[in-house]
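Hi,

Here is the model I promised to pass on.

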Amino acid sequence: MGAKWILLVTVAGYSLCTLLIGFTDSVGVLVALRVGVGVFEGVYWPQQFRMAKAWFDEREMTRASAMIQYYGQYLALALGFFLLTPIEASFGWRPMFWALGAIGLLVVLPLYARFLPTAPGTTTRATPEERGGGAGGRLTFAAFGGGRFLLLVFSYFANGMLFWGITLYIPLIVPTFGFAPSVNGLLSAAPYLVSLVLTVPMMLLGDRTGRRGPIAVSGLVVGGVLLACVALTGSPVAQFSLICLGLGYFTAAYTPNIWAIAVTDLPAHVVGPATGIINGFGAGGGGVVAGALVGALLAATGTYTLGLSILGLVAILGGLALFLYTRMRPTTPAVPAA
């Protein structure tokens, strides 16, 4: 199927589910609608990288990945914590879902319908290769890269644990530091604001040097080390600083470059399924495991610090897996900057 039509259907689906959440009085219905949001978003995700593969060349891919996925997601998180926290505090949780669902249906959907048809033909209509036709279009394990692909998935699983383990709990962690309640929303957004600032030099460095692998590896390892150190200090300021710097550098160095690596390494007919697998098992699986792990450790110890430190150690392992992937994949000459 063409990416354009999948995007239209999935945006409509997760926006409608979000809108309806604001009206429900049943926990069962709420959970079902949240599952619906996840299903539609899971189908949505790979389409953006099918477009990136068609719209941009290798010299632009880190910037393309950053603009399509990174700034979309992390800018939304930064603004979301900053804007929605006071709305929830003043009016309750329902208006947030009404507003966000309405924006998806009344703003995003018409924009997609109007402007996506101007995209290259390969993104508006599925090619025979993308449909699995022909020898070059078969979705074999070898087409994904064989065992190397599993290393890529594991690195993103570690990313998912670190990112979602913090993101799920940051609105609850910040109030424990004892800062003024009036700034909790801004402080919850701070790690993502740091990330947005650091991304500009990191994505330019990745495209200009072609050294996306080492940069992405440094994101997981350096970010993991900083988060692992949270348990070593009892100072709220130091803990908050480690979280901000760890998440900020990790996301800036890893996220844009890992998607550029995946999109440029994989053949066109594999990009959609492969990025869906990476995100589904990586971010989805990592987020589930991290949420359960941090929650269980919080219940057992009464503190978030041990859970955050373990997330940091897992991220370091993910960095090692990505390092092995970059050493095993076929080497190609760095593409000079235009």
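One term before anything else: a residue is called buried when its relative accessible area is under 20%, exposed when over 50%, and partly exposed in between, using a 1.4 Å probe and protein chains only. Please keep in mind that this is a predicted model, where local features need pLDDT of at least 70 and side-chain atom pairs count only at pLDDT 80 or more, while totals for chains, interfaces and linings use all residues. Residues are numbered from 1 along each chain as its sequence is written, and side-chain values use heavy atoms, with hydrogens and water left out.

**The overall picture**

The chain has 13 helices and 0 strands; helices (H or I, at least four residues) and strands (E, at least two) are DSSP runs, numbered from the N terminus. Out of 338 residues, 47% are buried. The accessible surface is about 15200 Å², with 73% of that belonging to carbon and sulfur atoms; these areas come from the Shrake-Rupley method with a 1.4 Å probe, and for residues only the protein chains shown count as cover. Among contacts (heavy atoms within 4.5 Å) with a separation of 6 or more, 83% are between residues 24 or more positions apart.

(The expected span is 1.5 Å times one less than the number of residues.) Just after α12 comes G302, with a positive phi of about 80°.

A290 sits in α12 and counts as buried because its relative accessible area is 0%. Leaving aside residues up to four places away in sequence, A290 touches M161, G165 and L311.

**Helix α9 and its kink**

The 26 residues of α9 reach 39 Å from first C-alpha to last, close to the expected 38 Å. Where does α9 have a kink? At A190, shortly before the proline P191, and the angle is about 40°; the bend at a residue is the angle between axes fitted to the seven residues ending there and the seven starting there. G210 follows α9 and has a positive phi, near 75°.

L75, L79, F82, L83, L186 and L193 make a nonpolar surface patch of about 520 Å². Patches are built from residues with over 30% relative accessible area and no salt bridge, joining like charges within 9 Å and nonpolar side chains (Val, Leu, Ile, Met, Phe, Trp, Tyr) within 5 Å. Helices α3 (61-91) and α9 (184-209) each give two or more residues to the patch, and α3 gives the most, with 4. F82 belongs to α3 and is partly exposed, because its relative accessibility is 42%.

**Salt bridges**

How many salt bridges are there? The count is 2, taking a salt bridge as a side-chain nitrogen of Lys or Arg within 4 Å of a carboxyl oxygen of Asp or Glu.

- D25 and R94 meet at 2.7 Å, N to O. This pair links distant parts of the chain, 69 residues apart: D25 is in the loop between α1 (3-21) and α2 (27-55), and R94 is in helix α4. D25 is exposed at 73%, whereas R94 is partly exposed at 24%.
- D207 and R212 form a salt bridge, with their closest N and O atoms 2.7 Å apart. Both D207 and R212 are buried.

Cheers
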